[in-house]
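Visitor: Please show me how to read a few features of this model. Give me the general idea, then the case here.

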Amino acid sequence: MKLTVIGAGNMGGAIAEGALTAGTVQPGDLTICDPRKDLVDRFAAKGWEVNYNEDNAKGIKDADLIVVAVKPWLVEQVLEQLSPVIDRQAQAVVSIAAGVPFAKLGEYIDADRYGGPALYRVIPNTAIAIRKSVTFIASYNSNSTHDSLVHTLFGPLGEIYEVGESQMEAVTALSSSGIAYAYKYIQASALGGVTLGLPEEMALKIVLGTVEGAVEMLRHNGSEPQEEINKVTTPGGITLKGLEAMEKNGFTRAVTAGLEATK
C-alpha cells in the first residue's frame, strides 16, 4: 500500500507511526505532507526514512490512500488543492476531521462535477499511536478495493467499527473525545487518593491498575458494568456509600452532559 498523510500533527502523526510500527506501510511507501518539516524528523529518529513533500498536490502522486488529517477548518483548502490532480478512480480520500460531512467533502473536491473519488470519514482516538484505538469508519462512493485498503490500514491499529454517517457524532463523543473523559476520571481519582493521604505517584499507579483490571473483568466475563458493581457492593457498605455520594454530586449526569456537549 502507498499512503500519503496530509498533516503530521497529533492524529496524522499517530496514524503514520502506527502504520509503520504495524508494518502495514513500508517507509518508502509513506509520504508526509506538512509545512512543518520538523514533524517528520521524529520518523527519521526511529529509523524510518519516509518521503516528505511540502506540496500536497505533488505529495499524493501514486498514493492509494490519501489521509487528510488537518484541522476541520483546513479541509476545504486541502481538498481544493487536490481536486485538479487526484486520480478519482485509483485513489481514495480518508478524512479524519470531525464534523465535516460527506456532502462538504464532495463539494470541496468537486465530486458532482468530476465524479469520485471514494470518500471515507474515519474517527480514531489518540491511542492509535500504540495500536489501541477504537476507530469508526463511514464510507461514501466506496468500492471493495478501497474498503480493503482502509481496513488494512486501520485494522492493526486497534478495534474498528463500520458505522453510518448519522452515527458519527455519537461515536466521536464516546471514543475520540471520550478518551479525554477517561483521562479526566483517572486524574480526578488520583487527586482523590492524594487527598486521602497517598503520595501522588502511588495514587496514580493504583488508579491505573484498578481501571485496567475493571476493563479486563468486563471483557473476560462478558458482563455488564452493573453486574460487576453488584459484586463489590453490599447494603450499607463503604463502596455503596461512595457510589451514592458520586451520584448525589451528579456523576452520571455530568458524564452524560459532557457527551451531549460534543454535538
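Visitor: Is Lys 61 buried or exposed?

Guide: Start with the scale. Buried means under 20% relative accessible area, exposed means over 50%, and partly exposed lies in between, with a 1.4 Å probe and protein chains only. Lys 61 has a relative accessible area of 63%, so Lys 61 is exposed. Accessible areas come from the Shrake-Rupley method with a 1.4 Å probe; for residues, only the protein chains shown count as cover.

Visitor: What should I know about the model itself?

Guide: It is a predicted model: local features need pLDDT of at least 70, side-chain atom pairs count only at pLDDT 80 or more, and totals for chains, interfaces and linings use all residues. Residues are numbered from 1 along each chain as its sequence is written, and side-chain values use heavy atoms, with hydrogens and water left out.

Visitor: Which residue forms a salt bridge with Lys 61?

Guide: The rule: a side-chain nitrogen of Lys or Arg within 4 Å of a carboxyl oxygen of Asp or Glu. Asp 62 is the partner, and the closest N and O atoms are 3.5 Å apart. By this rule the count comes to nine salt bridges.

Visitor: How should I read a bridge within a helix?

Guide: Helices are DSSP runs (H or I, at least four residues), as are strands (E, at least two); both are numbered from the N terminus. Lys 231 and Glu 228 both lie in helix 11, residues 225-231. They sit three residues apart, about one turn of the helix. Their closest N and O atoms are 3.3 Å apart, in a salt bridge. Lys 231 is exposed at 57%, whereas Glu 228 is buried at 13%. Elsewhere, salt bridges that share partners join Glu 159, Glu 216 and Arg 219 into one network.

Visitor: How many residues of helix 1 are buried?

Guide: Of its 13 residues, 10 are buried, so helix 1 is largely enclosed by the rest of the structure. Among them are Met 11, Ile 15, Glu 17 and Leu 20. Now check its length. The expected span is 1.5 Å times one less than the number of residues. Helix 1 (residues 10-22) should span 18 Å, and its end C-alpha atoms are 18 Å apart, which agrees.

Visitor: Which residues make the nonpolar surface patch?

Guide: Patches use residues with over 30% relative accessible area and no salt bridge; like charges are joined within 9 Å, nonpolar side chains (Val, Leu, Ile, Met, Phe, Trp, Tyr) within 5 Å. Here Tyr 185, Ile 229, Leu 243, Met 246, Phe 251 and Val 255 make a patch of about 470 Å². Helix 12 (238-248) and helix 13 (251-260) each supply at least two of its residues. Leu 243, in helix 12, is partly exposed at 31%.

Visitor: Which residues form the negative patch?

Guide: Asp and Glu count as negative, Lys and Arg as positive; His and the chain ends are not counted. The charge is placed at NZ of Lys, CZ of Arg, CG of Asp or CD of Glu. Glu 76, Glu 80, Asp 110 and Asp 112 form the patch. Glu 80 belongs to helix 4, residues 75-82, and is partly exposed at 44%.

Visitor: And the whole chain?

Guide: The protein chain has 13 helices and eight strands. Buried residues make up 38% of its 263 residues.
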